[in-house]
Every structure is written in structure tokens, then in C-alpha cells.
Amino acid sequence: MRFRPTALAVVVAACAALAGLAAPGSAQVFGKNKVQYEQLDWSVFETPHLRLHFYDEEEHLARHLAVFAESVCVEFDGRFRNRPRQPIPFLFYSVHHLFQQTNATPGLISEGTGGLTELIKDG
């Protein structure tokens, strides 16, 4: 005797298989997407080691940061003899609530996070 599935059994099996393949969309979870409250006008300031991105309202502070960061890079080069192949991108936010809105990283940024680094990413 040969087994012959009924149409209902085939439909139930197909629905079960499709339900097992379905996964919830991560972007559709309530409260887990990054909302951008403020539109920032970005500018770039380049030094021999850095490419500093800052928003226009903080240009004065960004120029001071560039001088300090460049001196740290020069000291780093002198000690470790490891000059980067290209300028290091540096995104500057003066307040934390603007930093939390960044799309430079896909994950949510907690209040305890003071900054992000990806030194190994450039290889």
C-alpha cells in the first residue's frame, strides 16, 4: 500500500516549513531604531594623520581637538614607528545625545559609552 498525502496534509506541512523559516525583522522592533532628532551640517578638517569630521557649530572646539589629536599621533608614530597608510577618520560629537544618533555604527549606543574605536578594521 502506497502512502498518498491528502491536499490538507500538504498545505499544513508547507505552512509549517514556511513558519520555521520566518524570522522577525530587526528593524521592526519597537524602540530599537535610531531616531535622528537634529540635522547636522558636517565639515571636515584634515591634518597629516587625521580626517576630523565635525558639525559647524563646534568648529572652534574641533580645531583645538585636531591640534591635540595630531600631537598624540606624532608621539604614537615616534614610539611605535607605525604610521597609518591614510588619515584616520575621527567623528567628533560635543554632546552625548548627538553621539547616540550616529549612523557610523549600526547598534544602539548606551549612556555609558564614551566613544568607539575600530583600530583593526583598516588592517
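## A parallel pairing

Arginine 51 stands opposite proline 89 in β3. The model is predicted. Strands β2 and β3 run parallel, and 4 bridges join them.

## The hairpin

Strand β1 covers residues 42-46 and strand β2 covers residues 50-55. These two strands pair in the antiparallel sense, over 5 bridges. With 3 residues between them, β1 and β2 form a hairpin.

In general, strands of a sheet pair through backbone hydrogen bonds, in either the parallel or the antiparallel sense.

The 3 strands make an open sheet in the order β1-β2-β3, and the pairing is mixed. β1 and β3 are the edge strands, each pairing on one side only. From one strand to the next, the twist averages 25°.

Helix α2 lies across β1, β2 and β3. Its direction is about 160° to that of β2.

## Arginine 81

Where does arginine 81 sit? Arginine 81 is found in the loop between α2 (59-80) and β3 (88-91). The phi angle of arginine 81 is near 50°. That is a positive value in a residue other than glycine.

Is arginine 81 buried or exposed? Its relative accessibility is 70%, so arginine 81 counts as exposed; the cut-off for exposed is over 50%.

## The whole chain

The protein has 3 helices and 3 strands. Along the sequence they follow the pattern α-β-β-α-β-α. The hairpin of β1 and β2 is thus read as the β-β step of that pattern.

Of the 123 residues in the protein, 17% are buried. The protein exposes about 10200 Å². Carbon and sulfur atoms supply 60% of that area. Among contacts with a separation of 6 or more, 51% come from residues 24 or more positions apart.

Conventions. Residues are numbered from 1 along each chain as its sequence is written. This is a predicted model: local features need pLDDT of at least 70, side-chain atom pairs count only at pLDDT 80 or more; totals for chains, interfaces and linings use all residues. Side-chain values use heavy atoms; hydrogens and water are left out. Buried means under 20% relative accessible area, exposed over 50%, partly exposed in between (1.4 Å probe, protein chains only). Two strands pair if DSSP finds at least two bridges between them. Axes are lines fitted to C-alpha atoms, for helices over the stretch in contact, and angles run from 0 to 180 degrees between N-to-C directions. Contact means heavy atoms within 4.5 Å. Accessible areas come from the Shrake-Rupley method with a 1.4 Å probe; for residues, only the protein chains shown count as cover.
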